[in-house]
Every structure is written in C-alpha cells, then in structure tokens.
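Good morning, and thank you for the time. I would like to take you through one structure, chain by chain, and then turn to where the chains meet.

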Amino acid sequence: MSLENLELFEVFVRSARGLDHKHAGSLHAVDHEHALEYARDVYTRRSEGVSIWVVKSRDICSSQEDDSDSFFDPSDDKPYRHATYFPLPKEVGNM
Amino acid sequence: MTTATTELKQDLIDYAARLGDDAIVLGHRLSEWTSKGPFLEEDIALSNVALDYIGRARMYYTYAAELSGNGKTEDDFAYLRDERQFQNHLINELPRGDFAYTIARQLFLDVYHTHYLAALKNTTDETLAAIAAKGIKETRYHLRRSTDWTLRLGDGTAESHQRMQTAIDDLWGYTHEIFEHDELEQRLIEAGVAVDASSFKAQWLADVKAVLEEATLTVPDAEWAVRGGREGYHTENLGHLLTEMQFLHRAYPNSKW
C-alpha cells in the first residue's frame, strides 16, 4: 500500500492518570480508528501510556513563522504580566 | 506415582509443547514481515503481534520444560527438536504469502484463539489458565486488527478484494484440523485440562462468516481438508522455517546475547 491512501495523524499520549496528554509524534493511517490502533503499537509498546488521542494533522490550526512579530513580540516588554513582580503576603507562605 | 498420573503428566507436557509449537511457528511466520511490512506503522504492528506469539510460546515451552525436569529449558523445545517432533496445526506453518494471506490467516486464528483461550482460562491446570488469561487480552487486540483489515481489503479495491478471496479459499481447507483432537487431547479434555475446540466450531464459523460477509467476501463451501500437524506430519514449509529459526542455536549452542 502506498502512503497516498493514508492520512497523517498526530498522536497524544497520557503517560499516567492525572497527567496531561503530551504530543508523542505522528503516523500514517486510513482513519481515526486505524490511527488509534497504530498509535498503540508505535507509541505505547513499552507501556508508556494509559490513554491516547489521535487528531488529523490537517485539522490542527497552527501559528506561522510570519505571525511571530504580531503574536509573540508584544509580550517581550510587558514583564509585569509575570507573577514574580507581585510581592506575596506573608500569610500565603509558599506558593 | 501411579501409571495413570505418569501418563497424564506426559500428556500434559505434550499438550503444552503443542500449544507452544502453534505459537512459535505462527510467531516466526509473522516475524518474517519485520522490515518488509507494507508501510512503517503496519510493520511495527505486525512485529508486535509476532512478539506476542513468541512470548506465548516461551510460556508454554517453559512450562513443558519444567514438567519434563532433567534440566530441560524452553530452548530444547524451540531449537533442538526436528520437524517430525513439532506438532503444530498446519495452518500456522504455511508461508506468509501476500499481505491479504497473512490477514486472512490471522482472522481465522484470532477468532479461534478468542474462543480457545477463553476456554483454556477455565482449565484445571493453573499454569495454563494463567497463560490463557494473559493471552486472551493480546488476542482480543489481534482480532480487532484482523477484522479491520479484512473489512478494508475485502470491501476495498477490486484487487484487494480478489487477493482476500484467494487467500480465504486457499486457507479454508486448513481450518478443519484446528477443531479436531486425538486420544491424547481427549484424555486431557476428560481430565478438565485441555480445551475441546470442537465445542466452539459452530460459533467460530458464525463469527468468521459475519466478518467475511460484511467484507463482501464469500465463505468457501469447499470440502477439502488437510490434516496431520498434531501427528508431526507437515507440509514442505515447516522444514524451511525450522532451518532458519534454529540455525543460530544449533551453530552456536548456548550462546547468549
């Protein structure tokens, strides 16, 4: 079978209960069910996971390199958005 | 020890070894796909299934070796017996064929093992029951794969449909043997140890039929049947398989990784 019949999927694996799903990689498959099975074989064969998500790569909307200026640069000069600038009241203790 | 229990113990050794033979021969056949799969993901998936079978063979052989005593190990069963001593069902040793052939065989055997291992879980023998309990989880996943692929290929293109149908027709005559048993297994069935596969043949047929029909494939009504595996009579394919599988161990006895 050639890859042209297959779609690209992104795989997210949760390694343990209570943790987030993390991006593990991508793979080719026919459909979602198929992708889930391959994800199990390719990314959890050394018992890395307790839950798997698969998403068609083309369904992911991604920011572009060109967007960097308008997306990310404006936050560079706004350090007051970091919580470190706020003194913590003694009563709070460690946070 | 009385003669009756001695005989039953030898029966049990043979039975465990037979189940090991089925598993290792099929596992080896599947492992032949490693690095030759149709694409990367399927290559890994098939290799995983092969490993499941080889792992299962090790458990059966280890048990047979334990019962045998005399310092025997799983390797004696896997690597130091010749063709006539292997008692696997013939369907396991047939060449891997094309991808459709491999999938058709897996479908037949995955449905079979789903019933077989479910029954073996209830055996009076604790070790075999434990092996079955582990195996059935793997097999349920294998069946999911082989069912999916059968539907995809059977109901796919004209070529994939044709290849699936050819594979099913070619394999059909080898599916009868897996439901039969000889006197040895009959004794163990009566003792509550072995599985009587004939008890779920109708269910197997219904399960397989359901998948094949959904995949627009035709269930063969051919009468031919090939037998002999449990007696050590094999097709010409097993000798070649053993040559490759046993070469390393025989050339370098007891070598370690």
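This is a predicted model: local features need pLDDT of at least 70, side-chain atom pairs count only at pLDDT 80 or more; totals for chains, interfaces and linings use all residues.

Let us start with chain A and its strands. Strand E1, residues 7–14 of chain A, is joined to E2(A) by eight bridges, and the two run antiparallel. As one example of this pairing, Val11(A) has Gly25(A) of E2(A) as its bridge partner. E1(A) and E2(A) form a hairpin with six residues between the strands. In that hairpin, Gly18(A) adopts a positive phi near 95 degrees.

What else does E1(A) pair with? Its other partner here is strand E3, residues 51–56 of chain A, and this pairing is again antiparallel, over six bridges.

I now turn to chain B. How many helices and strands does chain B have? The count is nine helices and zero strands, and the pattern along the sequence reads α-α-α-α-α-α-α-α-α.

Consider next the overall dimensions. The C-alpha trace of chain B spans about 60 × 40 × 30 Å along its principal axes. A compact globule with 257 residues would have a radius of gyration near 18 Å, and chain B agrees, because its own value is 18 Å. Of the 257 residues in chain B, 40% are buried. Taking contacts in chain B between residues at least 6 apart in sequence, 75% join residues at least 24 apart.

One helix of chain B deserves a separate word. Helix H2, residues 40–68 of chain B, has 29 residues, so at 1.5 Å a residue it should span 42 Å. The C-alpha atoms at its ends are 41 Å apart, which agrees with that expectation. Just after H2(B) comes Gly69(B), with a positive phi of about 70 degrees.

Finally, we come to the meeting of the two chains. Here 13 residues of chain A are in contact with 10 residues of chain B. On the side of chain A that touches chain B, strand E2 (21–29) and helix H1 (32–43) each supply at least two residues. H1(A) gives the largest share, six residues. By class, this side of chain A has seven nonpolar, two polar and four charged residues.

That concludes the presentation, and I thank you for your attention.

Notes
Residues are numbered from 1 along each chain as its sequence is written. Chains are lettered from A and ligands numbered from 1 in the order in which they are written. Two residues are in contact if their C-beta atoms, placed from the backbone, lie within 7 Å. Helices (H or I, at least four residues) and strands (E, at least two) are DSSP runs, numbered from the N terminus. Ala, Val, Leu, Ile, Met, Phe, Trp, Tyr, Cys and Pro count as nonpolar, Asp, Glu, Lys and Arg as charged, and the others, Gly among them, as polar. The radius of gyration is taken over C-alpha atoms; the globule rule is 2.2 Å times the number of residues to the power 0.38. A residue is buried if 20 or more other C-beta atoms lie within 10 Å of its own, exposed if 12 or fewer, and partly exposed in between; C-beta atoms are placed from the backbone. Two strands pair if DSSP finds at least two bridges between them. The expected span of a helix is 1.5 Å times one less than its number of residues.
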